[in-house]
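Dear colleague,

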Amino acid sequence: MNWLPERFSHPEHVDVLPGYHLRPIREVDVDIDYPAVMESRERLWAKYGEAWGWPPADMSYEADKQDLARHEAEIAAKETFNYALLDEEETELLGCVYIDPPDAHSPPGTHAVVSWWVVDRAVGTDLERVLDDFVPRWLAGSWPFASVHYAP
């Protein structure tokens, strides 16, 4: 897509703080993604429900798996990016970072639309505070975006 330079290579592993990192989400992450999403579903719906219709109350494991497969394909095609926030052993998904191209609802001059979340039990913790500080700095230092819109 034209929203990224042709030769741009997205980061495959990014340390956030000791013991935690971001990497592109994969379909095989469903076993740790599904519980993370569903345990935080009400708060995620309040944030993303109106804009994305996600995550629905009746989302099944299989629907989540299909969603992750779509994300994985979009990442491979450099259409959009979904990074999982993982513990060091990748046994627990603690949130996600979404990096999308601008759309018709984006402010003029926007190069990317970015949003992130952490699981309910991480809200208000050092992990959330570090991620909130880290994401804008990471985008400025590792991505080719001059203007990022943070939404929803």
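Helix α3 covers residues 61–76, and at 1.5 Å a residue its 16 residues should span 22 Å, which agrees with the 23 Å between its end C-alpha atoms. The expected span is 1.5 Å times one less than the number of residues, and helices (H or I, at least four residues) and strands (E, at least two) are DSSP runs numbered from the N terminus. Seen down the axis of α3, the buried residues fall within an arc of 120°, so they line one face of the helix; the arc is that of the directions from the helix axis to the C-beta atoms.

Please bear in mind that this is a predicted model, in which local features need pLDDT of at least 70 and side-chain atom pairs count only at pLDDT 80 or more, while totals for chains, interfaces and linings use all residues. Residues are numbered from 1 along each chain as its sequence is written, and side-chain values use heavy atoms, with hydrogens and water left out.

The buried residues of α3 are Asp64, Asp67, Leu68, His71, Glu74 and Ile75, whereas Gln66 and Ala76, on the other side of the helix, are exposed. Here buried means under 20% relative accessible area, exposed over 50%, and partly exposed in between (1.4 Å probe, protein chains only). What covers the buried residues of α3 includes β2 (20–24), α1 (30–39) and β3 (81–87), where contact means heavy atoms within 4.5 Å. Just after α3, Lys78 takes a positive phi of about 60°.

Turning to the aromatic residues, a search of the whole structure finds 17 aromatic pairs. Rings of Phe, Tyr and Trp (its six-membered ring) pair if their centres lie within 6.5 Å, and planes under 30 degrees apart count as stacked, over 60 as edge-to-face and the rest as tilted. The rings of Trp3 and Phe145 are stacked, because their centres are 5.5 Å apart and their planes lie at 10°. This pair links distant parts of the chain, 142 residues apart, with Trp3 in the segment before β1 (14–17) and Phe145 in the loop between α4 (126–142) and β6 (148–150). Trp3 counts as buried at 10% relative accessibility, and Phe145 is buried with a relative accessible area of 10%.

The rings of Trp116 and Tyr150, with centres 5.8 Å apart and planes at 85°, form an edge-to-face pair. Trp116 is buried at 14% relative accessibility, whereas Tyr150 is partly exposed at 40%.

With kind regards
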